[in-house]
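Please prepare a briefing on selected local features of the model shown below, covering backbone geometry, charged side chains and helix packing.

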Amino acid sequence: MNDPLRRSAASATLALVLCISPAFAGLMRKHKTAPAPPPPATPHASVQLEDKKLNDRIDALLEQMTLTEKIGQLTQYTGGSTITGPTGEKLDFDAMLAKGEIGSLFNVTGAKETNHYQHIAMEGSRLHIPLLFGLDVIHGHRTTFPVPLALAASFDPDVVQQACRVAATEARRDGINWVFSPMVDISRDARWGRIVESAGEDPYLGSAMARAYIRGYQQGDLSKPDSVAASVKHFAAYGAAEAGRDYNTTDMSEIRLRQVYLPPYQAAVDEGAATVMSAFNALNGVPASANAFTLTKILRKEWGFDGLVVSDYGAVGELMKHGIAGDGATAAQKALTAGVDMDMESNLYHSRLPGLVESGQVPTSVVDEAVRRVLRVKFAMGLFEHPYTDENLPPYEPTPEKRELAKKAAEESFVLLKNEAVPGVGRLLPLASDLKSVALIGPLADDADDMLGSWGAQGDARNTNTLRGALADKLGNKLTYVKGTDILSTDTGGFAAAVTAAKNADLVILALGEAGGMTGEATSRAHLSLPGNQEQLMEQVVAAGKPVVLVLFDGRPTAIPWAATHVPAILEAWFPGIEAGPALLSVLTGEVSPSGKLPVEFPYSVGQEPLYLAQLPTGRPAGEADLSQPPTGSEEKYLSRYIDSPNAPIYPFGWGLSYGQFTYTNIKIDHSGGTRKDVGEITVGVDVKNISSVPGAEVAQLYLHNTVASVSQPVRELKGFHRILLQPGQTQHIDFKLHYDDLAFYNADVKHVVEPGTFDVFVGGSSRADKAGSFTVLE
Ligand code: BGC
């Protein structure tokens, strides 16, 4: 009953003291008597256009600015300490800053380093406009938390918000006031390496996570000294890159764009996100960084976004390679007029906009509006009053409290994919307390670096506790460790020692998977199986005949059909961050019961990608056909199916086992006759009981299916979840509340409507939940 492998064959339709740098002391003195400092910043829950005081300050400053200074505010360059893209010509930032030619730097870290540049901007330049310092703080700054895909698996927005709070505080200590996070691109294709930076495939979960990131970074008040401005990226639909190949084009209907891909960006904007990053990809032929439809019509006009839009790295320059601009001037013109306020690293606003404005090709008003947006964020953050970072604060290494949070986040993110009883032994997890010998085998068992995943910010592998370290502390000389192979190796020289260790042990723990650097930007994979010869190693270790627990480390769904059949216990650990070892130890030993749920489906093979739950029905659904076998007759053949693979995933969205066992009873759907115009509130109540003898957290999920509508609707869509902790025997009542937006969809006229009709309701611990009932929306 707990094995989706079997069920999948049958059910295919489930789907951021002044310390003066001596080099600029002269410049500073020169400007010490410059204009009186502006009044203190007013706290802003979000950057609001209608805030008169803020706008008056912006207008007053704008009036004093030369064209060069204005364009400077629209210009961002990468510094040298971190490489996150192609590096071009080294520019003289000091000289440019003194002339007001730069509005923001990124990839410069450290209080001293950022203060150096900030002093020039604040004291060495004519108008004393502070710099924004950006960095990819993606899943923690110094304290590395699990990768975003793993954080999503926790289905715990609170833990994500707390992690972002820690990240923001640490980033500010390092001079960073702007984080290029969250990435909220819906990711339904495991080949795409950036799936690791996402919350996975689902707009509802993605939106909940997007809001949590913004709350954590910005605290509803950008002016707080430990808030950072967030950048929602990559706008828009970057996650739908064709064939999962990074930077590739995306092409989709407006219905799908609005229904599936836009909601998380909008959720982040609604939560007050200060900035948005425009994407690399073309969307329906128009590159996202020159796309007036998404950047102006939707983002600015429909959603009322009043913060700043920064291009992705070099994306303005890439408009030429996309073939929509024959030269740099056209690229700059197209990007700016479409709605990209700041040019990251292309150097085209800096070099081409002066000519474009002087010739009248770009109206000054367009430049002014972009400058306003940049200044608005700087004023709202209080940077004019507090531009510097204290260089004398004590070091910011992960404290025990932060480690505790990193451990909790990791524990909640682990997904127990399988835990089948082994004849004569029983279930392998939690590990029996009387094990006399355990063999720990695999390239990721003692790999501190890869535990951090991609986008490590200031994470330091020396802060990482590995699985081997944690197990060795617990088991002492009962533990034998053999690496067996390297992540990408073809050398089988280490296999014999691994097999011998397995034979001599009561139980084997295999630690296999991807390298952290195989995920993130520019890491698309055409193969989704375990890299190198790890599959072979696994097969030989399993053949040694001892019970095997597989712990998988990766940043995407790995295709593990062989393991799913032959390995009795599989724990998906993702890249868990610095507390990898302790978190794994507590879950493997049962101190904490696993509670993560899959935010993305796990395929049998790469051929099934893109693979996701909320598929649209087809006219020839595979229904109850046995998809584990090739079709035999026409009845089985002419269906929407593969001839050599099940349609369904090995492990579906929302899937994840526990050491506890939960029942869902007394499901009541309370819907008092809502109509399509006035849906009211629909309450789906359920009692969730832990019928096991161990405490455990459960993520109760609600899915809907709109059975008949003018536009085909997904076979199942997540519309609610609650993470609850239940003691043995404890029952908790949960109410899921559904409103207009939960029932609405985009019709053929791309209008967001609710139509009358019947909605099926599914409630349970995964997307495979049984139907709980239905309700009807009246005309
Ligand atoms: C990535 C962005 C990142 C930027 C700055 C780009 O290559 O796509 O996600 O924020 O670089 O490092």
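N666 is partly exposed, with a relative accessible area of 48%, where partly exposed is the range between buried, under 20% relative accessible area, and exposed, over 50%, computed with a 1.4 Å probe on protein chains only. This is a predicted model, in which local features need pLDDT of at least 70 and side-chain atom pairs count only at pLDDT 80 or more, while totals for chains, interfaces and linings use all residues. Residues are numbered from 1 along each chain as its sequence is written, and side-chain values use heavy atoms, with hydrogens and water left out.

**Backbone geometry**

- N666 is found in strand β17 (residues 662–670), strands being DSSP runs of E with at least two residues and helices runs of H or I with at least four, both numbered from the N terminus.
- The phi of N666 is near 50°, a positive value in a residue other than glycine.
- V750 likewise has a positive phi, near 55°, and is not a glycine; V750 sits in the loop between β22 (745–746) and β23 (752–753) and is partly exposed, at a relative accessible area of 23%.
- Most residues other than glycine have a negative phi, and most peptide bonds are trans.
- The peptide bond from K233 to H234 is cis, with omega near -10°, and H234 belongs to strand β5 (residues 229–235).
- A cis peptide bond also leads from F235 to A236, with omega near 5°, and A236 lies in the loop between β5 and α10 (254–261).

**Salt bridges**

- The structure holds 34 salt bridges, each defined as a side-chain nitrogen of Lys or Arg within 4 Å of a carboxyl oxygen of Asp or Glu.
- R126 and E69 form one of these, with their closest N and O atoms 2.7 Å apart; the pair links distant parts of the chain, 57 residues apart, since R126 is placed in the loop between α6 (111–124) and β3 (132–135) and E69 in helix α4 (residues 67–73).
- In that pair R126 counts as partly exposed at 43% relative accessibility, whereas E69 is buried, with a relative accessible area of 8%.
- R142 and E397 meet through their side chains in a salt bridge of 2.8 Å, N to O, and this pair also links distant parts of the chain, 255 residues apart, with R142 in the loop between β3 and α7 (148–153) and E397 in the loop between α16 (364–380) and α17 (400–413).
- R142 is buried at a relative accessible area of 14%, while E397 counts as partly exposed at 34% relative accessibility.
- D486 forms a salt bridge with K483, with the closest N and O atoms 2.6 Å apart; D486 is partly exposed at 39% relative accessible area, and K483 is partly exposed at 37%.
- A network of salt bridges links D59, R300, D341, E369, R372 and R373.

- R188 is located in the loop between β4 (178–179) and α9 (203–218).
- A polar atom of the R188 side chain lies 3.0 Å from the backbone oxygen of E201. A polar contact is a pair of N or O atoms within 3.5 Å; within protein, one must be able to donate a hydrogen and the other to accept it, and residues adjacent in sequence count only if both atoms are side-chain atoms.
- Not counting residues up to four places away in sequence, R188 touches E201, P203, V260, Y261, E609, P610, L611, Y612 and A614, contact meaning heavy atoms within 4.5 Å.

**Helix packing**

- Two packed helices are described by the angle between their axes and the distance between the axes.
- Helix α19 (residues 495–503) packs with helix α20 (residues 534–543) at an angle of about 35°, their axes being 9 Å apart; axes are lines fitted to C-alpha atoms, for helices over the stretch in contact, and angles run from 0 to 180 degrees between N-to-C directions.
- The contact is made by F495, A498, V499 and A502 of α19 and by Q536, L537, Q540 and V541 of α20.
- The axes of helix α8 (residues 157–173) and α17 come within 10 Å and cross at roughly 145°.
- That contact is made by V159, Q162, A163, V166 and E170 of α8 together with K402, L405, K408, A409 and E412 of α17.
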